[in-house]
Amino acid sequence: MHKIILILLFVLFYLSNTLLAQTGTLQGSIVDAVTNEPLAGAVITIEGTPFGAVADEEGKYVIRNIPQGVYSVKVSYVGYETQIKNQVMIEKGVTQLNFSLQQQAKETETIEITSSVYAKTSQSLVSVKTVGIEQIRSNPGGNFDISRVVQTLPGVSGSVGFRNDIIVRGGAPNENVFYLDGVEIPNINHFATQGSGGGPVGIINSAFIENVKFQSSAFGAKYDNTLSSVLDFEMISGNTERFQGNFLLSGTEAALTFDTPLGKKVTAIASVRRSYLQFLFRFIGLPFLPDYWDIQAKIKWEINPKTTLTYVRIGAIDRFSLNDTSRVEKEVRYLVDGLPIFEQDSYAQGLVLRRLTKRGYYTIALSRNRLDNRSYKYTNNIEVDSLKVLDFKSVEAENKLRYNAVSKIGDWEIGYGAVLQYATFSNNTFRKVSNLFNPEKFDTILVSNSIGLFRYGGYGTISRSFWQNRLKSTFGIRFDMNSFTTTGNNPLETLSPRLALSYSLSSKIALSGSLGTYYKLPPYTILGFEDKITRANNRNAKYIQSTHFVAGVEYKPNSSTIISLEGFYKIYNHYPVSIRDSISLANLGGGFGVFGNELTASVGKGRTYGVEIFFQKLLTHRLFGLASYTLYYSSFTGFDPNRYIRSSWDNRHLISVTGGYLAGKNKTWEIAGKWRFLGGAPYTPFDIPASIRFYLITGNPVFDWSRINQLETSVFSQVDIRITKKWYFRKWSLELFLDIQNLFNTPNPGNPNFTLERDPNNPSQFLRDANGNYIPQVLSINNSNVIPTIGVRIKL
């Protein structure tokens with residue numbers, strides 16, 4: 001054993017002292033942020049080195065023979081703000097890096113903008129952040145998952161545990177929308193909660209992402225169907241020079257990615273990922289076995305200097321089965337009793353045509369997405385028809401055509417566009433539920449329905465700067481309609497004005513504010529529900545409305561530091577309320593299964609409000625970090641419009657601190673840490689008598705909805721660290737990392753679980769008391785596991 005350790009130490013010492021004489025290439029494009037016009041003659045330099053280039057007439061540049069390492073890259077152009085991107089990793093092969101420059105604020109003043117998570121554009125003046133690839137890769141405890149990085153931003157929380165729900169400013173997880181290079185995708189997670197927006201593992205391969213634009217309010221008018229946030233993912237393109245690839249082995253999956261030219265004007269990038277959690281979980285005896293594949297691809301064809309055609313595809317195959325119960329510990333047998341088996345197949349794909357015009361550009365996006373979802377459950381997991389308690393089969397698909405255009409006319413920026421969609425949804429459900437009036441009985445919900453509907457809408461925006469660009473303004477309006485709901489064809493029902501302003505008091509201080517009203521069509525799981533027996537349905541559903549008021553101040557004491565304060569107030573109307581349980585569906589969507597598959601009434605109201613403080617220190621002197629604190633309140637009503645109840649997402653306090661240090665002569669070591677704190681989350685207690693009877697049949701409890709969210713979990717606090725080491729060789733590079741989640745083994749809470757007391761000698765049997773009654777058991781959840789992960793990334 002000692003010999004093996006000595007050999008490993010020798011190899012590590014040898015690799016650590018390998019000469020870094022190998023080189024790589026940096027290429028990309030530089031364009032105007034508004035019109036997408038190439039900025040020929042823009043100067044790009046790699047700080048601290050003699051390397052640089054000048055953009056050609058198409059705005060493209062190439063810098064070769066750069067020693068491998070981590071750099072800051074600077075771009076400047078007359079009349080535009082200078083932009084710097086930090087933590088750019090140059091490796092063997094070709095690294096893609098693109099820039100979009102904003103016109104300079106004052107003709108007499110040189111403005112230098114360092115790329116950060118706080119990045120504004122003429123269309124995004126308030127509540128906007130940008131996350132770069134290096135933040136995703138180095139995020140401790142994130143496992144390269146983009147959703148985990150977003151959860152560190154101000155105003156964003158998530159479900160505690162193994163889920164990626166994105167809860168923004170107290171809204172529900174189904175209030176967000178996602179775009180991938182202009183193609184809308186309905187969900188970015190494996191094992192997705194249909195009708196909502198979460199899941200346990202992200203689908204998007206971070207190796208594809210150049211940056212992520214995150215907006216938590218003041219959405220541009222081109223975005224429809226969002227109430228809480230927009231996540232716009234910008235993918236890298238394949239390089240134009242050589243075939244290259246990388247292999248990543250992390251704590252949950254193995255991923256293979258490659259990019260290559262397919263011709264003089266065509267590039268491609270593709271990846272495939274495979275989980276191995278199912279093998280690990282089976283080995284250690286966990287009760288469930290998640291198994292997934294995903295693929296991602298992008299092909300880009302530059303037809304001519306003004307026209308590009310891009311094909312994007314992302315897809316997933318998800319299987320969720322139960323482990324052999326003989327090996328499952330009795331402490332987690334309740335999971336085997338209640339969890340259904342899931343089978344999901346999903347994809348989204350699209351063609352995006354982008355064409356530069358004399359004064360701007362336009363895009364046409366044609367896309368399709370589809371989700372095939374099935375889940376089923378039997379009493380005691382014995383697959384006999386008479387013991388079936390759940391059988392859900394659903395297929396939803398959308399076909400979309402989007403047109404967006406931007407033109408610059410004098411000092412005015414004009415945007416306009418339209419969208420046309422055709423969607424289909426089918427729902428076949430068999431589900432046993434508790435009887436509301438007689439706990440000795442059970443009801444059966446039967447659904448066999450399919451619908452088809454058109455959705456259509458349009459928008460217009462105008463933007464302009466005044467007073468030597470000190471005051472920036474943007475105003476937009478849009479409407480949306482559909483052919484299915486009773487009032488869906490009335491554009492006045494969804495008339496959505498939005499205004500945002502930003503005023504620079506000085507070169508270091510800026511004020512901003514916005515006011516807007518936004519609408520979201522309820523998910524297809526609600527629209528497509530129709531009881532097979534009574535024919536009751538949700539065709540009277542209304543668009544959910546949310547009006548946002550936001551104001552803030554931003555302070556930049558220097559080019560590497562940003563401090564901001566922002567307050568928000570959101571008002572909701574027409575939120576779906578469960579007719580069966582009399583609760584707002586704003587409280588649901590954070591669990592596995594299906595969201596909204598029931599009768600509802602569009603009568604709920606809601607309000608969330610709070611304040612966010614944000615600090616970021618960009619990479620200087622090898623140090624970087626960011627911190628945020630959010631204080632907020634979130635409450636919604638049921639059928640009583642005057643009774644506001646804390647929502648399930650009302651944690652009140654959110655704290656996130658992330659920092660890191662680049663060490664070593666060539667910055668080949670990176671040490672990073674993260675601390676997250678969430679206040680206690682409200683939860684609903686169980687109806688114990690009803691739960692006993694229902695658990696015996698379905699393995700699940702019954703909640704006492706008359707006491708909704710009257711209890712609260714303890715606080716969540718977790719520290720994660722990540723240590724990364726990189727080596728560069730002549731024809732390849734190697735990256736090793738150690739990631740430790742919950743470093744201090746802090747007990748972290750979850751909502752309690754319900755089960756029945758078991759026979760310790762035969763865990764498959766439930767105990768009874770002296771009167772012959774089953775004995776209920778409420779299990780407190782306080783997980784305290786330290787989770788270490790060792791991973792490797794190889795690039796060829």
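Burial, contacts and salt bridges in a predicted model

Biologist: How much of the protein is buried, and what makes a residue count as buried?

Modeller: Buried residues are 55% of the 796 residues in the protein. Buried means under 20% relative accessible area, exposed means over 50%, and partly exposed lies in between, with a 1.4 Å probe and protein chains only. This is a predicted model, in which local features need pLDDT of at least 70 and side-chain atom pairs count only at pLDDT 80 or more, while totals for chains, interfaces and linings use all residues. Residues are numbered from 1 along each chain as its sequence is written, and side-chain values use heavy atoms, with hydrogens and water left out.

Biologist: What does the secondary structure come to?

Modeller: The protein has seven helices and 47 strands. Helices (H or I, at least four residues) and strands (E, at least two) are DSSP runs, numbered from the N terminus.

Biologist: Why is the protein called as compact as a globular protein of its length?

Modeller: Its radius of gyration is 27 Å, close to the 28 Å that the globule rule gives for 796 residues, so the protein is as compact as a globular protein of that length. The radius is taken over C-alpha atoms, and the rule is 2.2 Å times the number of residues to the power 0.38. Along the principal axes, the C-alpha atoms fill a box of roughly 85 × 75 × 45 Å.

Biologist: Why is Ile-133 called buried?

Modeller: Ile-133 has 18% relative accessibility, so it counts as buried. Ile-133 is found in helix H2 (residues 133-137).

Biologist: Which residues does Ile-133 touch?

Modeller: Not counting residues up to four places away in sequence, Ile-133 touches Ser-206, Ile-209 and Glu-210. Contact means heavy atoms within 4.5 Å.

Biologist: Why is Ser-514 called buried?

Modeller: The relative accessible area of Ser-514 is 9%, so the residue is buried. Ser-514 is placed in strand E31 (residues 509-520). Leaving aside neighbours within four places in sequence, its contacts include Val-126, Ser-217, Leu-499 and His-548.

Biologist: How many salt bridges are there, and what makes a pair count as one?

Modeller: The count comes to 34 salt bridges. A salt bridge is a side-chain nitrogen of Lys or Arg within 4 Å of a carboxyl oxygen of Asp or Glu. Asp-291 and Arg-274 form one, with the closest N and O atoms 2.3 Å apart. That pair links distant parts of the chain: Asp-291 is in strand E22 (residues 288-304) and Arg-274 in strand E21 (residues 266-275), 17 residues apart.

Biologist: Why is Arg-274 called partly exposed?

Modeller: Arg-274 has 24% relative accessibility, so it counts as partly exposed.

Biologist: What makes Asp-650 and Arg-646 a salt bridge?

Modeller: Their closest N and O atoms are 2.6 Å apart. Asp-650 counts as buried at 0% relative accessibility, whereas Arg-646 is partly exposed at 23%.

Biologist: How do you know that Arg-793 and Glu-735 form a salt bridge?

Modeller: The closest N and O atoms of Arg-793 and Glu-735 are 3.5 Å apart. Arg-793 in strand E47 (residues 787-795) and Glu-735 in strand E42 (residues 733-741) are 58 residues apart, and the pair links distant parts of the chain. Both Arg-793 and Glu-735 are buried.
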